[in-house]
Amino acid sequence: MSRIIHKFTRVVPGWQPRVTPVRLDEATPEQLQALKVTPSNTKVSDYVLVLAHDAESLDARSPLFNAVMYGRDGLDRAGREIGAIGASIVNRCIYCAAVHAQRHAQLSKDPGVTDEIFRAGPAARLGARDQAMFDFAVKLSQTPPEVGADEVAALRAAGLDDLEIADLVLASAMFGWANRLMHVLGDPVRAED
Amino acid sequence: MTAQPVHDDGFGLLPTARSDIAEMSRKARQSVLAPAQPGAWPVEWRHAVAARICRQHAATGLAEGYLAQVDDPALRPLGDPANSGRDAVEQTVLGFVDRVATRPRDILAADIAALQAAGVADADVVRLCEMAAFLAYQCRVARGLSLIKGAGA
């Protein structure tokens with residue numbers, strides 16, 4: 001029986017790699033640098049060990065990801081999570097959607113927003129500000145992107161300024177990247193007991 | 001190959017308050033387009049495929065920028081999404097890259113197994129995914145920021 005999860009959930013699944021992860025005891029100095037392995041931090045997930053096959057890219061992306069999702073000023077963290085979730089819905093990345101829906105529920109103290117997104121997908125009906133951000137993220141995540149002036153006007157009408165809109169672009173786009181790693185290189189699976 | 005003008009890369013549209021992200025994004029681009037260890041994917045081949053992915057995203061300016069760095073006449077046609085590749089292995093690889101770029105939701109474990117069966121090493125599978133995924137990011141940053149008037153001051 002398959003352990004692979006196909007439905008969106010806020011319960012963060014396990015992740016089963018489709019390629020063999022780098023073995024920590026065989027990692028090159030470049031890989032160890034990208035993995036940020038230190039004597040006090042030797043626990044590394046299979047996902048990161050898979051990405052360590054391309055150490056230069058992992059090393060470049062990790063600080064960029066943190067700056068995009070957790071950088072100061074601009075769009076609040078819950079808004080950035082909406083950008084991440086919109087992309088993850090379009091790309092059907094169950095794992096990314098779970099992690100970031102859980103964070104959104106914690107940050108906003110309201111699981112209702114992601115309940116509705118998981119129920120209705122891109123057609124979700126949300127409050128005005130969340131709706132504008134979610135619709136923008138979903139349309140930006142299509143290939144080619146379908147976002148246009150109307151979606152930007154909706155963000156402005158909801159009160160977002162230029163820096164906040166740029167942050168939403170970055171968070172959504174970053175998950176266009178992350179989903180293409182997480183969803184492509186492994187499967188979300190029921191966590192081991 | 002000539003240096004790509006930075007003002008054409010989309011990251012130049014980021015607000016001044018996000019100049020750190022522009023800098024880190026360009027470093028990431030270097031890591032997937034011209035890495036120190038390119039594995040099975042030579043730098044010029046990567047630029048041709050980057051042009052292909054940008055075309056799939058209707059990012060014409062970005063596509064032209066990448067293709068301008070491909071001199072080899074055997075590689076330039078790969079920048080056209082209608083070109084399916086020069087041999088069976090390249091056709092499998094490009095078919096995979098095209099789907100990661102345009103329809104990642106449809107990728108299955110069998111797609112990775114097909115690459116492995118074609119002789120692509122696991123590290124090279126990861127390199128392909130990172131390249132396609134970075135370009136998906138860059139095309140969306142460029143598209144989204146182009147819609148914000150006055151953000152690039």
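Student: Where does the largest cavity lie relative to domain 1 (2-70 + 184-191) and domain 2 (77-177) of chain A?
Tutor: Happy to start there, keeping in mind that this is a predicted model. Both of these chain A domains give residues to the lining of the largest cavity, so the cavity lies between them.

Student: Which element supplies the largest share of the lining of the largest cavity?
Tutor: Three elements of chain A each supply at least two lining residues: helix H5 (94-108), helix H9 (162-185) and strand E2 (186-189). The lining includes A:Ile94 and A:Tyr95, A:Met182 and A:His183, and also A:Gly186, A:Asp187 and A:Pro188. The largest share, 3 residues, comes from E2(A).

Student: What is the volume of the largest cavity?
Tutor: A search of the whole structure turns up 1 cavity of 30 Å³ or more. The volume of the largest cavity is about 30 Å³.

Student: How many nonpolar residues are in the lining of the largest cavity?
Tutor: Good one to check by class. The lining has 1 charged and 2 polar residues. Its nonpolar residues number 6.

Student: How many disulfides does the structure hold?
Tutor: A disulfide needs two cysteine sulfur atoms within 2.5 Å. For B:Cys129, the nearest cysteine sulfur, that of A:Cys93, is 12 Å away. For B:Cys139, the nearest is that of B:Cys54, 3.8 Å away. Over all chains, the number of disulfides is 0.

Student: Is B:Cys139 buried or exposed?
Tutor: Buried means under 20% relative accessible area. B:Cys139 has 3% relative accessibility, so this cysteine counts as buried.

Technical notes. Residues are numbered from 1 along each chain as its sequence is written. Chains are lettered from A and ligands numbered from 1 in the order in which they are written. This is a predicted model: local features need pLDDT of at least 70, side-chain atom pairs count only at pLDDT 80 or more; totals for chains, interfaces and linings use all residues. Side-chain values use heavy atoms; hydrogens and water are left out. On a 1 Å grid over the protein atoms alone, a cavity is a set of points where a 1.4 Å probe fits but cannot get out, and a pocket is an open set with protein on both sides within 12 Å along at least five of seven lines; lining residues have an atom within 4 Å of a point. Grid points are joined across faces, edges and corners, and a volume is the space filled by probe spheres set on the points. Helices (H or I, at least four residues) and strands (E, at least two) are DSSP runs, numbered from the N terminus. Ala, Val, Leu, Ile, Met, Phe, Trp, Tyr, Cys and Pro count as nonpolar, Asp, Glu, Lys and Arg as charged, and the others, Gly among them, as polar. Domain bounds come from an automatic or database domain assignment. Buried means under 20% relative accessible area, exposed over 50%, partly exposed in between (1.4 Å probe, protein chains only).
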